[in-house]
Amino acid sequence: MGQVCRTPEWQALNEQWQEQAGITLRQRFTADPQRAERYRLHQAGILLDYSKNRIDDQTLALLLRLARAVDLEGWIERMFSGQTINTTEERAVLHTALRNRTRQPVWHNQHNVMPQIHQVLAQMADFVTRVRTGQWRGHTGQPIHHIINIGIGGSDLGPRMVCQALTPYHHPHLQTHFISNIDSSHLHQTLKHCTPANTLFIIASKTFTTQETLTNAHAARHWLITALGDETAVAHHFVAISTNSQRVTAFGIDPANQFRFWDWVGGRYSLWSAIGLPIALTIGMEHFEQLLTGAHTMDQHFRTAPLEQNMPVILALLGIWYTNFGNATSHAILPYDQNLRSLPAYLQQTDMESNGKRVTRTGELVEYTTGPILWGAAGTDGQHAFYQLIHQGTHLIPCDFIIAANSHNPLGNQHQMLLANCLAQSEALMRGKNHQEARQELEEQGIRGAALEALLPHKIFPGNVPSNTLMIDRLTPQRLGALLALYEHKIFVQGIIWQINSFDQWGVELGKQLAGVILPELLEQQSHTEHDSSTQGLITAWHQLRE
């Protein structure tokens, strides 16, 4: 087929948006008392209420027709069956195999990948047990109290977010830290809280060549050796997650402490692999496996459920509806859970690195919008920061509200207050406050005449802002696994509809290449390359300030 925007299914949705533009969400709820029951799904321990969306049955039918026009069901099976769907890198996409909790084989190039996955999981389980029980000892014979993960991108964002989200499951005597930024302040401020004799470093780099990660790793190595006075200490305080055995060994890490993963594991989909070692160390292997189980449950639902009842598919199609037909350029992730405060940043990479593409799988420039801007923050902090723009600004910003029914840390009625705020915000965005309601409210406050008329426009809320609410019983490893898999599959579905490759990330390369050119010029105080006048001027100014 040609570009998806030229299909009759796409054109029908364009017409549908125009026809539905005058119908508000408030009107839809008034006209259909059963709306909330009809637009609700419950899978893998997640309740999805998508009734506060600008849709009706016809809209959903047209969106599903679009999904079938691009052969979504076929693409889902291609991914799960290990076909090479990452065509620009000639790789399969099998992160789902990492959390396969059945005895069923998963094939890649005519080989069952499950035995090697189980082998790494067993290696992780043994290592985690030794560290958590104090059997693993540092160079001076002391147990480990600090774990420092050194990585970047998918080797940092996912594990860091999960460890933070699952704080109630942490080992009482282990503190986990994450270093990603090449800014030396990140490393320095972390190390000053640690003692070398009790610190274990995890170097997470598939190739063991990532500049930021290896720079921080060598600085950490120097810190350790300086403190303990012996290079052989490295083998007792460093492990690696990598495919490059030669470089790992040259660094001083015992090959027995190298944890492997495979080229069919994309960085932003890798927390389920050995990249999740800091998670397993922090919350225990049993809980790490529960995380995998939750994701697997969502995988099975995504693979087998009809599109009409498929939670990732429904979420994805709603996003398509607003991005491509409602001209929404961003999407807000609003977790009402302090432990999920890093979820928006994690999903920024997962979504924006996946679907921030301008060409189709065949290399054509797309003729439509792809990849919304994802952003957000934990409630209720966000309410006092950016909700003003969502309520009364000029942008259409669909929102996802995420809440747990039960808190790990109940205190008085604070969790009920949190839940009340979450539900109130989604209701307020849907209902708004019209001219008549705002006028009546001001009159009841005793405001009259010119003062009322001057204030009235500022008190009106347009409403009609769409949102989804995702509710779980409690933030457990299993529920978190299902939630993360839900968003992974949503992103995949949108990429298929947009006809793009969601599994490469060539856009990160150019800046790295130019940094490699500029770094020697900063170190040598002379330029070997002709830069634009701005870049050259900034390099010169930096040298002058340094002098």
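Helices (H or I, at least four residues) and strands (E, at least two) are DSSP runs, numbered from the N terminus.

## Basis of the model

This is a predicted model, in which local features need pLDDT of at least 70 and side-chain atom pairs count only at pLDDT 80 or more, while totals for chains, interfaces and linings use all residues. Residues are numbered from 1 along each chain as its sequence is written, and side-chain values use heavy atoms, with hydrogens and water left out.

## The sheet

Six strands form an open sheet in the order E1-E2-E13-E12-E10-E11, with mixed pairing. E1 and E11 stand at the edges with a single partner strand each, so one side of each has no neighbour in the sheet. From one strand to the next, the twist averages 20 degrees.

Two strands pair if DSSP finds at least two bridges between them. E2 and E13 pair in the antiparallel sense over four bridges. Thr469 in E13 is the bridge partner of Asp49.

## Helices on the sheet

Contact means heavy atoms within 4.5 Å. Axes are lines fitted to C-alpha atoms, for helices over the stretch in contact, and angles run from 0 to 180 degrees between N-to-C directions. H14 packs on the sheet and touches E1, E2 and E13; the direction of H14 makes about 140 degrees with that of E1. Helix H15 (residues 343–355) lies across E10, E11 and E12, and runs at about 175 degrees to E11.

## H4 against H14

Two packed helices are described by the angle between their axes and the distance between the axes. The axes of H4 (residues 57–69) and H14 (residues 311–325) come within 10 Å and cross at roughly 100 degrees. H4 is therefore roughly perpendicular to H14. Angles under 35 degrees count as roughly parallel, over 145 as roughly antiparallel, 65 to 115 as roughly perpendicular and the rest as oblique.

## Backbone details in loops

Ala44, in the loop between E1 (40–43) and E2 (46–49), has a positive phi of about 50 degrees although it is not a glycine. Ala44 is buried, with a relative accessible area of 17% (buried means under 20%, exposed over 50%, partly exposed in between, with a 1.4 Å probe and protein chains only).

The peptide bond from Gly379 to Thr380 is cis, with omega near 10 degrees.
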